[in-house]
2 protein chains.
Amino acid sequence: MTHQHPLGKVYLIGAGPGAADLITVRGQRLLETADVVFHDALVDPAMLNWCPQATLVAVGKRCGKHSSSQAFINKRLVHAARHHAVVVRLKGGDPMMFGRADEEIGALAEAGVPFEVVPGVTSALAASASLGQSLTLRGHSRSVAFCTLAQADEADAAKLPQADTLAVYMGRRHAAHIARQLLDQGKPADLPVCVIEAVSTPRERHLHLNLGALAQHGAQDWLSDDAPALLLIGAAFGQRHQYAQVLADRRLRA
Amino acid sequence: MTHQHPLGKVYLIGAGPGAADLITVRGQRLLETADVVFHDALVDPAMLNWCPQATLVAVGKRCGKHSSSQAFINKRLVHAARHHAVVVRLKGGDPMMFGRADEEIGALAEAGVPFEVVPGVTSALAASASLGQSLTLRGHSRSVAFCTLAQADEADAAKLPQADTLAVYMGRRHAAHIARQLLDQGKPADLPVCVIEAVSTPRERHLHLNLGALAQHGAQDWLSDDAPALLLIGAAFGQRHQYAQVLADRRLRA
């Protein structure tokens, strides 16, 4: 390994849930000064309009025919920091939750490259905002768990976290399986479920059902093949009907 | 109740964890157009520089000698929307998690006032960014639970969520009690714990210890009386020493 002194710094920036203006002000300002931007394919192209001066490099698993391996991304980040002052790694959502930032941080640390992490809005919070329904309700829904089961199997599903509200990221393929596990754990079949696709983008869609219906593949035909889907499960979503008309009115006026 | 047609719209905006530039771009832009801003006392005054045109109203429990009751805040939001086009309710962190947004949304919905929620960066993600340590690690720390025990008693503590990583908001007063509960649940005494105060502000401080030490009041003398504290608990924080030197270097260079 070479120990060339790094010229620059790597900023791991959370791009947020999808919409360009849901990045933080700090993230936006760093984009404006970036020399190179390594971005996930899910990042809204409008966000990249803030860095016309930068060299753009699409990386990650959804950027077309072939995926960049994590090891390859790590290497490129280290290399870029040896030749540029401001290197940005723009990651969907927040880098530190389901973002594999730890692997990039490990590689940067080992190579002696300074780095900084800029947090982002995670999808479940954007989904909650869009639905107009809190993830927590004072007094009865006090905890929220976030998990992913991208490569779920029987053993993984047994590790589902326990909390009043559950947000499952990348849960499309295993939605029915997850619902069955929750029923087996004793959750009621009428527990409200919201499935949100492509949150905060023009393609955003919502499906409201309950845990029993989800276990019976109730979301299967509705789900798209190519959009990220988030499952929100919990009694907190039972207030939907109260606000549904207001939300509908809001959309008509928007 | 009067049914005067509302003139405006209420935006419930997440101010983020503390630093002014960790609000979203959307939130910042709305502040720039606001007629009235109802803000939590914890919000960085620098953030309010973005809305010199707006009438500022400090509300919430930390704004000095007396607190505004939630019912009073709700009433003022509805009233403001009848007289102003753009009413902002700026809330620390994210409005939909531990933010009591549901109570404000309920009041707005009942009064027929249009509203929109703009999500924010929640403190645990900002703390994770600041520590340079992911909340999740691919393969072994797959779930994160966020909870609060502001009015914890024995019964509440029994409702602690179960996940690989646990983030306890507003956990200062009950830190030792929470740690004891987790030990009783079978978590190991050497499980890493990070306590973060005033995350993303100039007063930010970190304390690293383990669950056994926390249960024995190991954080009590360190904690401030007047800063928000977040507890992060989980095996994911065991990698600290690997990156500690890099983080220290980063601070020297900054």
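Reply: Happy to! One term before we start: a salt bridge here is a side-chain nitrogen of Lys or Arg within 4 Å of a carboxyl oxygen of Asp or Glu. Also keep in mind that this is a predicted model.

Me: Good. With that rule, how many salt bridges are found across the interface of chain A and chain B?

Reply: The rule finds two across that interface. Searching the whole structure, over all chains, gives 16.

Me: Which residue does A:Asp21 form a salt bridge with?

Reply: Its partner is B:Arg26, and the closest N and O atoms are 2.8 Å apart.

Me: And why does that pair join two chains?

Reply: A:Asp21 sits in the loop between strand E1 (9-14) and H1 of chain A, while B:Arg26 belongs to helix H1 of chain B, so the pair links the two chains.

Me: Okay, zooming out. What area is buried between chain A and chain B?

Reply: About 5300 Å², and carbon and sulfur atoms give 59% of that.

Me: How many residues does the contact take from each chain?

Reply: Chain A gives 63 residues and chain B gives 61.

Me: Back to H1 for a moment. At what angle do H1 of chain A and H1 of chain B pack?

Reply: These two helices, residues 25-33 in each chain, pack at about 105°, and their axes are 8 Å apart. Angles of 65 to 115 degrees count as roughly perpendicular, so H1(A) is roughly perpendicular to H1(B).

Me: Which residues make the contact?

Reply: On H1(A) they are A:Val25, A:Gln28 and A:Arg29, and on H1(B) they are B:Val25, B:Gln28 and B:Arg29. Sorted by class, the contact of H1(A) with H1(B) has two nonpolar, two polar and two charged residues.

Me: Switching topic: how do H3 and H4 of chain A pack?

Reply: H3 (residues 70-81) and H4 (residues 101-110) of chain A pack at about 45°, with axes 9 Å apart. That angle makes H3(A) oblique to H4(A). The crossing of H3(A) past H4(A) is right-handed.

Me: Which residues meet there, and what classes do they divide into?

Reply: From H3(A) you have A:Gln70, A:Ile73, A:Asn74, A:Leu77 and A:Val78, meeting A:Glu103, A:Glu104, A:Ala107 and A:Leu108 in H4(A). The residues of this contact divide into five nonpolar, two polar and two charged.

Me: Now chain B, please. How do the axes of H3 and H4 run there?

Reply: In chain B, the axes of H3 (residues 70-81) and H4 (residues 101-110) come within 9 Å and cross at roughly 45°. H3(B) is therefore oblique to H4(B), and H3(B) passes H4(B) in a right-handed crossing.

Me: And which residues meet in that one?

Reply: B:Gln70, B:Ile73, B:Asn74, B:Leu77 and B:Val78 of H3(B) meet B:Glu103, B:Glu104, B:Ala107 and B:Leu108 of H4(B). By class, that contact has five nonpolar, two polar and two charged residues.

Terms used: Residues numbered from 1 in each chain as written. Chains lettered and ligands numbered in written order. Predicted model: local features only at pLDDT ≥ 70, side-chain atom pairs only at ≥ 80, totals over all residues. Heavy atoms only, no water. Axes fitted to C-alpha atoms, helices over the stretch in contact; angles between N-to-C directions. Helix = DSSP H or I, 4+ residues; strand = E, 2+ residues; numbered from the N terminus. Parallel < 35°, antiparallel > 145°, perpendicular 65-115°, else oblique. Left-handed = near helix turned anticlockwise from the far one by under 90°. Contact = heavy atoms within 4.5 Å. Nonpolar A, V, L, I, M, F, W, Y, C, P; charged D, E, K, R; others polar. Buried area = accessible area lost by both parts, 1.4 Å probe.
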